[in-house]
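Here is a short tour of some side-chain contacts and a pocket. Please keep the viewer open as you read.

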Amino acid sequence: MRLPSSLRLWTLLAAVLFWLWASSVFTPWAEDRAPRLWLYDLLFYLRFVLLFWAAAEGLRLAWRRESRTSMRPALPLAAIVAVVLAAWAYERTGTGLRWKVSSSRDALLAVARDGYGDRRRRAGHFLVDTTRTPCGDAQPWLWLGRPHGSGTGIQLALVRSGDSIPATPEPEAFAFAPVADGWWMAYQHAGRYHRALQQRRDSSATAACVVGTVVTHRQGLAFTKASSP
């Protein structure tokens, strides 16, 4: 039996909302370090299923005669587009980042006050894998991760540095962007970082902390993805 078009579209909207929740830090398993590669793979491929489903429904509506005289059949599809755009802005834009930090103020400060540690926990809208203090206890780094178990670092850390630009012992490997409420986002270039660590081990030198480079959020994300110096 064929489902009515509107029912299929509302079902698609519910599936998109479920996918967004299952991929977020708000799931019961987000803080668990147990690897769940099956879940990562499932969510990865499920998003393409949802994308093709939405595209098919959009094309179907475009060719339906009644959709040209009434906007009602397109309302669920418009809601899906709005939800996806809002989720993208929440995850990928500087505005979304500032909103998440401001909304997570108390939780982030609580984790920062605990100091150096390896306990994974959720702090508001963020999943904190570890807390490090490379340049002293006054400047904690909260390293962020994904809710899919162990080994999910994303080369991003929130640094509590107030109005001052954060310092780092590896200035070539990090860039910083101001966020909100005294927090900065640190972006790590993995290749440069590991090369700097190796050089320091080979020379037995101790690196001093120096003020880092300031970038925009977009530039910082590009920095983390760069494969060469």
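Is D129 buried or exposed? With a relative accessibility of 10%, D129 counts as buried; the term stands for under 20% relative accessible area, with exposed meaning over 50% and partly exposed in between (1.4 Å probe, protein chains only). Before going on, please note that this is a predicted model, in which local features need pLDDT of at least 70 and side-chain atom pairs count only at pLDDT 80 or more, while totals for chains, interfaces and linings use all residues. Residues are numbered from 1 along each chain as its sequence is written, and side-chain values use heavy atoms, with hydrogens and water left out.

**Salt bridges**

D129 has a charged partner: its side chain meets that of R120 in a salt bridge. R120 is buried too, at a relative accessible area of 5%. A salt bridge here is a side-chain nitrogen of Lys or Arg within 4 Å of a carboxyl oxygen of Asp or Glu, and the whole structure holds seven of them.

| Pair | N to O distance |
|---|---|
| R132 and D118 | 2.5 Å |
| K100 and E91 | 3.8 Å |

Helices (H or I, at least four residues) and strands (E, at least two) are DSSP runs numbered from the N terminus. R132 is partly exposed at 23% relative accessibility, and D118 is partly exposed as well, at 45%. In the remaining pair of the table, K100 is buried at 7%, whereas E91 is partly exposed at 48%.

**The largest pocket**

E91 turns up again here: along with W19, S23, R47 and R92, E91 lies nearest the centre of the largest pocket, which 43 residues line. The volume of this pocket is about 1,700 Å³. On a 1 Å grid over the protein atoms alone, a pocket is an open set of points where a 1.4 Å probe fits, with protein on both sides within 12 Å along at least five of seven lines, and lining residues have an atom within 4 Å of a point. Grid points are joined across faces, edges and corners, and the volume is the space filled by probe spheres set on the points. Helix 3 (75-92) gives the largest share of the lining, nine residues.

**The disulfide**

How many disulfides does a search of the whole structure find? There is one, formed by C135 and C209 with their sulfur atoms 2.0 Å apart; the cut-off for such a pair of cysteine sulfur atoms is within 2.5 Å. C135 is in the loop between strand 2 and strand 3, and C209 in the loop between helix 6 (190-203) and strand 8 (210-211), so the pair links distant parts of the chain, 74 residues apart. The torsion about the S-S bond is about -95°, so the disulfide is left-handed. Both cysteines are partly exposed, C135 at 24% and C209 at 35%.
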